[in-house]
Amino acid sequence: MTSGALVLAATPIGDPADAAPRLSTELAGADLVAAEDTRRTQRLAAALGVTVSAPLVSYHEHNEASRTPELADRIAAGDRVVLVTDAGMPSVSDPGYRLVQACVERDLVVTCVPGPSAALMALAVSGLPVDRFCFEGFLPRKAGPRVAALRELAEERRTMLFFEAPHRLADTLGAMAEAFGADRPAAVCRELTKTYEEVRRGPVAELAQWAVEGARGEITVVVQGAAARAADPEQAAAQVQELVAQGVRLKDACKQVAAATGLPSRALYEAALTASD
């Protein structure tokens, strides 16, 4: 096994049977295992039938900044450091980004063990468009910043993925209904791969009412993106003229505006030629 590397090891989001076979190999062969919760990692190793002989140290949001240099030094010295979090991929809404950044800055090897992802699984089962999507993680905890963040996303056309805590779910869905519209399609996915897995689909306002009764477990919210607004041909033609006035070639200006509005580039080109006659 190659030494001197940071291994971001994805862990199951619920069912231990979802663990990649390579996770066991990496845990067994590591020089050091850094874990968000050392006790949980020990339980996972036991469930996988793996003996972790390497030192096991904590690496979580409260000591991430102070412990990162130490771990980077170990990797630079030739150790293979395996980083695991409670569930899913380290650094994705979990500790890990600082350590990855430190390793990249020092030109150290960073690799990963692929595995379960609550965000991607929720997207797949949501029934919402999957061709283009964006991951927003956790929204701000306080109401004001949360509302502001959702307003900025009101015109986002890609399907959006969020993580949320159970006790904030109803408030967050209610804020989404106000920012996105009560009828915006959404799905609440909870306890994925676990015994009480549940997927609720419907308009975001209805989901907000359902959530008032209380929801438990790990939650991912999937929200359909905003519908495209019908482009105004006259405004689009004016945008073409503005770009041409700035020195952009007519053909290139038409392509830019066509890409932004969905209107045919040829129609914009012909309209521009007619306007210039």
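Figure 1. At a relative accessibility of 33%, Phe135 counts as partly exposed, a class lying between buried (under 20% relative accessible area) and exposed (over 50%), computed with a 1.4 Å probe on protein chains only. The model is predicted, so local features require pLDDT of at least 70 and side-chain atom pairs count only at pLDDT 80 or more, whereas totals for chains, interfaces and linings use all residues. Residues are numbered from 1 along each chain as its sequence is written, and side-chain values use heavy atoms, with hydrogens and water left out. Phe163, at 15% relative accessibility, counts as buried. Rings of Phe, Tyr and Trp (its six-membered ring) pair if their centres lie within 6.5 Å; planes under 30 degrees apart count as stacked, over 60 as edge-to-face and the rest as tilted. By this rule there are 2 aromatic pairs. In the pair of Phe135 and Phe163, the ring centres are 5.1 Å apart and the planes stand at 70°, so the arrangement is edge-to-face. Because Phe135 belongs to strand E6 (residues 133-138) and Phe163 to strand E7 (residues 159-164), the pair ties together parts that are 28 residues apart in sequence. Helices (H or I, at least four residues) and strands (E, at least two) are DSSP runs, numbered from the N terminus. One aromatic cluster is formed by Phe135, Phe138 and Phe163.

**Figure 2. Packing of helices H7 and H8.** Helix H7 (residues 169-180) packs against helix H8 (residues 204-211) at an angle of about 160°, with the axes 8 Å apart. Axes are lines fitted to C-alpha atoms, for helices over the stretch in contact, and angles run from 0 to 180 degrees between N-to-C directions. H7 and H8 are therefore roughly antiparallel; angles under 35 degrees count as roughly parallel, over 145 as roughly antiparallel, 65 to 115 as roughly perpendicular and the rest as oblique. The crossing of H7 with H8 is left-handed, that is, the near helix is turned anticlockwise from the far one by less than a right angle, clockwise being right-handed. Residues in contact (heavy atoms within 4.5 Å) include Leu173 and Met176 of H7 and Leu207 and Trp210 of H8. By class, this contact of H7 with H8 comprises 11 nonpolar, 1 polar and no charged residues. Here Ala, Val, Leu, Ile, Met, Phe, Trp, Tyr, Cys and Pro count as nonpolar, Asp, Glu, Lys and Arg as charged, and the others, Gly among them, as polar.

**Figure 3. Packing of helices H6 and H7.** Helix H6 (residues 143-152) and H7 pack at an angle of about 40°, and their axes are 9 Å apart. H6 is therefore oblique to H7. H6 passes H7 in a right-handed crossing. From H6, Arg146, Leu150 and Arg151 meet H7 residues, among them Asp171, Ala175 and Phe180. The contact of H6 with H7 divides into 5 nonpolar, 1 polar and 3 charged residues.

Figure 4. Thr220 lies in strand E10 (residues 219-223) and is buried, with a relative accessible area of 3%. Leaving aside residues up to four places away in sequence, Thr220 touches several residues, including Phe162, Phe163, Val188 and Cys189.

Figure 5. Asp94 is found in the loop between strand E4 (80-84) and helix H4 (97-105) and, at 22% relative accessibility, counts as partly exposed.
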